[in-house]
Amino acid sequence: MKDARILFMGTPDFAVSSLTAVLEAGYNVIGVVTQPDRPVGRKQVLTPPPVKEAALRHGLLVLQPEKIKAEEALEEVMALKPDLIITAAYGQILPKKLLDAPKYGCINVHASLLPKYRGGAPIHKSIVEGEAETGVTIMYMVEALDAGDMLSKVVVPIEERDTVGTLHDKLAAAGSELLIATVPPLLAGELVAEQQDHSAATFAPNIKRTDEKIDWSRSAEQIYNQVRGLNPWPVAFTTCEGKIWKLWWVEKMPASGEGKEPGTIIAREEDGIVVACGSGAVKITELQPEGKKRMSALDFLRGAGSNIEIGTKVGE
């Protein structure tokens, strides 16, 4: 079955683990479809997606259509005659013509326990919402977003101090292992797909700027989860005296802040700035003041933040 013609479709780092696993397992990967190169950073340097870089290292054919549904792009992909299409965070919904083409179908490696958290930011959402566990689901692709029948799942616990970065790496590894365990029985016709309970579906759309801003009326627990659920990208933020502070890390202080207006700095400690929340308080221990590098609160209070006073409001 390893001679089956596999087409891989993916874009970010999360997908690289799955592509690498399929190649290392000896499968016949006939090519890779990924998103076009995009400008990145302040200097807007045109940068290839991680999957393209990985594919080129292995000497694979790479296609980068702007829109997979465009007739010319679709014909180019269909001409490869794949027996199986594997996708992982590709970033576009495939047209029915392509979904119906491969003998063994199109499957997707998705970083949540479906039907929970369909969409583009399931890892962020699982932490922001305070989940105790998440996982990876491999399912058939359909024209609706992450709504196909499920083939396999693996559960991954979310630890108290996990960030998007650490959980991303755990899920990428778990997903690649699950994929390699799923493909052989799939090709052998031994798997029975399970329909999702669509009534239980929840969604994790891509992160917007409004999702990044701290609402200090929320509880310390919720703000803690928001900060770690956006670390290391795109990073939660608040404002202080008209300047943006990116918050890289906070610690929960549930016994502090009672009776204080949310968003009020209630203490300056050697290792952090304590801010009252709607319930409890958090201590900002690592931040990035506007126009400066990421730093510890200790360094900030000794330098640019030396004039920050108790009673100052943040988030206004």
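Arg38 is partly exposed, with 37% relative accessible area. Its salt-bridge partner is Glu66, which is partly exposed too, at 48%. This is a predicted model, by the way, so everything here is computed from its atoms.

**Salt bridges**

There are 18 salt bridges across the whole structure. Here are three of them, with the separation of the N and O atoms.

| Pair | N to O separation |
|---|---|
| Arg38 and Glu66 | 3.1 Å |
| Lys116 and Glu131 | 3.0 Å |
| Glu159 and Lys170 | 3.3 Å |

What do these pairs connect? Arg38 sits in strand S3 (residues 38–40) and Glu66 in the loop between strand S5 (62–63) and helix H3 (71–78), so their bridge ties together parts 28 residues apart in sequence.

Next comes the bridge between Lys116 and Glu131. Lys116 is in the loop between S7 and H5, while Glu131 is in the loop between H5 and S8, so this pair links parts 15 residues apart in sequence. Lys116 counts as partly exposed at 35% relative accessibility, whereas Glu131 counts as buried at 19%, the cut-off for buried being under 20%.

Then there's Glu159 with Lys170. Glu159 lies in the loop between strand S9 (150–157) and H6, and Lys170 lies in helix H6, so the parts tied together are 11 residues apart in sequence. Asp162 joins in as well: salt bridges with shared partners make one network of Glu159, Asp162 and Lys170. Lys170 is partly exposed, at 29%.

The largest pocket has a volume of about 900 Å³. Its lining has 37 residues, and the closest to the centre are Ala89, Gly119, Gly120, Ala121 and Asn206. Elements that each supply at least two lining residues include helix H1 (13–24), strand S6 (84–88) and helix H6 (164–187). By class, the lining splits into 22 nonpolar, 13 polar and two charged residues.

The second largest pocket holds about 220 Å³ of space. Among its 13 lining residues, Lys125, Val128, Ile207, Asp211 and Leu230 are the closest to the centre. H5 gives the largest share of that lining, three residues.

**Surface and overall build**

On the surface, Ile93, Leu145 and Phe203 make a nonpolar patch with about 260 Å² of accessible area together. Phe203 is in the loop between H6 and H7 and is partly exposed, at 44%.

Zooming out, the chain has nine helices and 15 strands. Of its 316 residues, 51% are buried. The C-alpha atoms fill a box of roughly 65 × 40 × 30 Å along the principal axes.

Methods
Residues are numbered from 1 along each chain as its sequence is written. This is a predicted model: local features need pLDDT of at least 70, side-chain atom pairs count only at pLDDT 80 or more; totals for chains, interfaces and linings use all residues. Side-chain values use heavy atoms; hydrogens and water are left out. On a 1 Å grid over the protein atoms alone, a cavity is a set of points where a 1.4 Å probe fits but cannot get out, and a pocket is an open set with protein on both sides within 12 Å along at least five of seven lines; lining residues have an atom within 4 Å of a point. Grid points are joined across faces, edges and corners, and a volume is the space filled by probe spheres set on the points. Helices (H or I, at least four residues) and strands (E, at least two) are DSSP runs, numbered from the N terminus. Ala, Val, Leu, Ile, Met, Phe, Trp, Tyr, Cys and Pro count as nonpolar, Asp, Glu, Lys and Arg as charged, and the others, Gly among them, as polar. Patches are made of residues with over 30% relative accessible area and no salt bridge: like charges are joined within 9 Å, nonpolar side chains (Val, Leu, Ile, Met, Phe, Trp, Tyr) within 5 Å. Accessible areas come from the Shrake-Rupley method with a 1.4 Å probe; for residues, only the protein chains shown count as cover. A salt bridge is a side-chain nitrogen of Lys or Arg within 4 Å of a carboxyl oxygen of Asp or Glu. Buried means under 20% relative accessible area, exposed over 50%, partly exposed in between (1.4 Å probe, protein chains only).
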